[in-house]
Amino acid sequence: MSDVWTAVVVVGAGTIALKAAGPVLLGGATLPARLGGLVEALAPAVLAALVVTQAVAGDRELILDERLVGLAAAAVAVWLRAPILVTVALAALVTAALRAL
């Protein structure tokens, strides 16, 4: 097995162990309401940060190009409560159309 596959297996096993640790350690315990609210808000915040980073990040610089317009189109679609598939397709279509121009 190569070093790359060894790293993949080790990282995969570590991920499984970390994901299993919560239910095993907490068991049937419920989180306090304040902490539960924080956990619920954490995933969308991290996802938004990743999307924005991918949309405007360059090599140590801010890049404003077609991706940002596609992201804005997706934000409008989300605001109008469009289905996720329509939102992704709209963002891709807007970005591709602007790149074609």
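## The model and its confidence

Because the model is predicted, local features need a pLDDT of at least 70 and side-chain atom pairs count only at pLDDT 80 or more, while totals for chains, interfaces and linings use all residues. Residues are numbered from 1 along each chain as its sequence is written, and side-chain values use heavy atoms, with hydrogens and water left out.

The protein chain has a mean pLDDT of 89, and 100% of its residues reach 70 or more; pLDDT is the predictor's confidence in each residue, from 0 to 100. Confidence is lowest in helix 2 (residues 33-56), with a mean of 87, and highest in helix 4 (residues 84-100), at 95. Helices here are DSSP runs (H or I, at least four residues), numbered from the N terminus.

## Helix 1

Helix 1, which covers residues 3-26, has 24 residues and reaches 35 Å from its first C-alpha to its last, close to the 34 Å expected at 1.5 Å a residue; the expected span is 1.5 Å times one less than the number of residues. A kink of about 30° lies at Ala20, shortly before the proline Pro23, where the bend is the angle between axes fitted to the seven residues ending at a residue and the seven starting there. Helix 1 is followed by Gly27, which has a positive phi near 60°.

## The largest pocket

The largest pocket has a volume of about 310 Å³, a volume being the space filled by probe spheres set on grid points that are joined across faces, edges and corners. A pocket is an open set of points on a 1 Å grid over the protein atoms alone, where a 1.4 Å probe fits, with protein on both sides within 12 Å along at least five of seven lines; its lining residues have an atom within 4 Å of a point.

The lining has 13 residues, of which Val51, Leu71, Ala74, Val88 and Ala91 lie nearest the pocket's centre. Helix 2, helix 3 (66-79) and helix 4 each supply at least two residues of this lining.

Most residues other than glycine have a negative phi.

Arg60 is exposed, with a relative accessible area of 84%, and Arg81 counts as exposed at 77%, whereas Asp65 is partly exposed at 24% (buried means under 20%, exposed over 50%, partly exposed in between, with a 1.4 Å probe and protein chains only).
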